[in-house]
Amino acid sequence: MAGRNVVAVICTLFMLIFDHSGGEIVKGSVNLNSGVFDKIVEKHRAVLVKFDETYPYGEKQDQFKKVAEVAVSQPDLLVAEVQIADYGDKDNADLAERFNVKKEDFPVYKIFLQGTKDPIPYTGDATNADSIKRFIMEKSGLWLGLPACLEEFDKLVSEFFKAKEDRNAILEKAEKAATALTREADKESAEVYIKTMKKILDKGDEFVTTEIERVEKLKDGKVSDKKKEQLGKRLNILTSFDLRLKDEL
């Protein structure tokens, strides 16, 4: 069994490097077809598959590239693309039918989790790479470097929820870590982490869920592009809290 897994990984790496079947090469993504789909998908903890037209281009494809590139650093995540033709031999049309993918909905994202029967569909904005990354993190539990998130502080968040009875000590660690930061953007992010910890101490763990809902409503409302970007970064950090909270439930 171990030998088979090694072969699967080698095959996947080979495809990632040498697959030219879909035209433009997308760094961090592999093109899948009917013949290899199940063989590849079932060997990975999480696989994000984008079902799309042949030779996709434009803003949505550019956002997909951003997702694929950041996924390279996460060994338990594979990002893949299935290009579906509606002409000639109609390549991969069987996969489109199997997973109920309609041409008018392209691109369609679904995440396949090892050990589960059905994939989970992404219903968010296909023109927002950060939204797609959050979806991956929420459904797979895997860490991705979202804008404004700090890996050191994400680890402190895990400690914070595990501590339960002594969370103030973790808050102090976060405040101390913040004083060592030099980049202004990192300082701003650290401040959000610290304020969120304080709010949780004051209002309880449920603050995370209610705050995510509040920020999402604000972000979807009539706000400036700058404010929307700020809210997006805050939402990324809140997502990190939410994921780590769920890990402890």
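Analyst: The side chains of Arg167 and Asp205 meet in a salt bridge, with 2.7 Å from N to O; the term denotes a side-chain nitrogen of Lys or Arg within 4 Å of a carboxyl oxygen of Asp or Glu. Arg167 belongs to helix H7 (residues 167–179), whereas Asp205 sits in the loop between helix H8 (184–203) and helix H9 (206–220), so the pair ties together parts that are 38 residues apart in sequence. Arg167 counts as buried at 11% relative accessibility, while Asp205, at 26%, counts as partly exposed. Here buried means under 20% relative accessible area, exposed over 50%, and partly exposed in between, for a 1.4 Å probe and protein chains only. Helices (H or I, at least four residues) and strands (E, at least two) are DSSP runs, numbered from the N terminus.

The model is predicted: local features need pLDDT of at least 70, side-chain atom pairs count only at pLDDT 80 or more, and totals for chains, interfaces and linings use all residues. Residues are numbered from 1 along each chain as its sequence is written, and side-chain values use heavy atoms, with hydrogens and water left out.

The structure holds 15 salt bridges. Another of them joins Asp86 and Lys103, whose closest N and O atoms are 2.6 Å apart. This pair links distant parts of the chain, 17 residues apart: Asp86 is in the loop between S3 and helix H4 (93–98), and Lys103 is in the loop between H4 and S4. Asp86 is partly exposed, with a relative accessible area of 44%, whereas Lys103 counts as exposed at 53% relative accessibility.

A further salt bridge, at 3.8 Å from N to O, is formed by the side chains of Lys65 and Asp62. These two residues are three apart in helix H3 and are therefore separated by about one helical turn. Both are partly exposed: Lys65 has a relative accessible area of 25%, and Asp62 one of 39%. Elsewhere, salt bridges that share partners join Lys50, Asp52 and Glu81 into one network.

Five strands form an open sheet in the order S1-S3-S2-S4-S5, with mixed pairing. Strand S1 (29–31) and strand S5 (120–121) stand at the edges, each with a single partner strand, so one side of each is left without a neighbour in the sheet. Two strands pair if DSSP finds at least two bridges between them. Strand S2 (residues 46–53) is mostly covered, seven of its eight residues being buried. S2 pairs in the parallel sense with strand S3 (residues 77–84) over eight bridges, and Val79 in S3 is the bridge partner of Leu48. From S2 the chain crosses through helix H3 (residues 59–71) to S3 in a right-handed β-α-β crossover; right-handed means that, with the strands pointing away from the viewer, the path from the first strand over the helix to the second runs clockwise.

S2 is also joined by six bridges to strand S4 (residues 108–113), the two running antiparallel; Lys110 in S4 is the bridge partner of Val49. S4 and S5 pair in the antiparallel sense over two bridges, and Ile120 in S5 is the bridge partner of Ile111. Helix H5 (residues 129–140) packs on the sheet and touches S2, S3, S4 and S5, contact meaning heavy atoms within 4.5 Å.

Notes: Axes are lines fitted to C-alpha atoms, for helices over the stretch in contact, and angles run from 0 to 180 degrees between N-to-C directions.
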